[in-house]
Amino acid sequence: MFQNQSAVMPKSEPAPLPEHQFEMVRHTLFGTLTAVRNTIALLHKLNYAEPNDWSKPLPTGRPNEVMAILTKRVRVD
């Protein structure tokens, strides 16, 4: 009365996803601690990078200036 579903519907393999090329890019922010933190928050809000992906703010040796670094894989086609 009931048929085995696998006999009725042939199994098909999913189509392979296209291969993409990726490269690494490095972003560096320089500014006051407030400006660097605000920029990191803005890039997160724009869904570009997670705040935890950035380095901790590092002093540059200049008064009131820090830097933060982000290394990110980006797709290049």
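Contact here means heavy atoms within 4.5 Å, and in this predicted model residues 24 or more positions apart account for 61% of the contacts in the protein with a separation of 6 or more.

If you then display the surface, its accessible area comes to about 7000 Å², of which 55% belongs to carbon and sulfur atoms, while buried residues make up 16% of the 77 residues.

Next, select L29, V36, I40, A49, W54, V66, A68 and L70, the eight residues that form the largest nonpolar core. The elements that give two or more residues to this core are α2 (33–45) and β3, and β3 gives the most, with three residues. Centre the view on V36, which, leaving aside its neighbours within four places in sequence, is in contact with L29, F30, G31, V66 and A68.

Now move to E65, in the loop between β2 (58–59) and β3 (66–76). What surrounds E65, once residues up to four places away in sequence are not counted? E65 touches F30, G31, L58, P59 and T60, and the side chain of E65 makes a polar contact with the side chain of T60, at 2.7 Å.

Key:
Residues numbered from 1 in each chain as written. Predicted model: local features only at pLDDT ≥ 70, side-chain atom pairs only at ≥ 80, totals over all residues. Heavy atoms only, no water. Helix = DSSP H or I, 4+ residues; strand = E, 2+ residues; numbered from the N terminus. Polar contact = N/O pair within 3.5 Å; in protein donor to acceptor, adjacent residues only side chain to side chain. Core = buried A, V, L, I, M, F, W, Y, C linked by side-chain atoms within 4.5 Å. Buried < 20%, exposed > 50% of the residue type's maximum accessible area, 1.4 Å probe, protein only. Areas by Shrake-Rupley, 256 points an atom, 1.4 Å probe, with all protein chains shown as cover.
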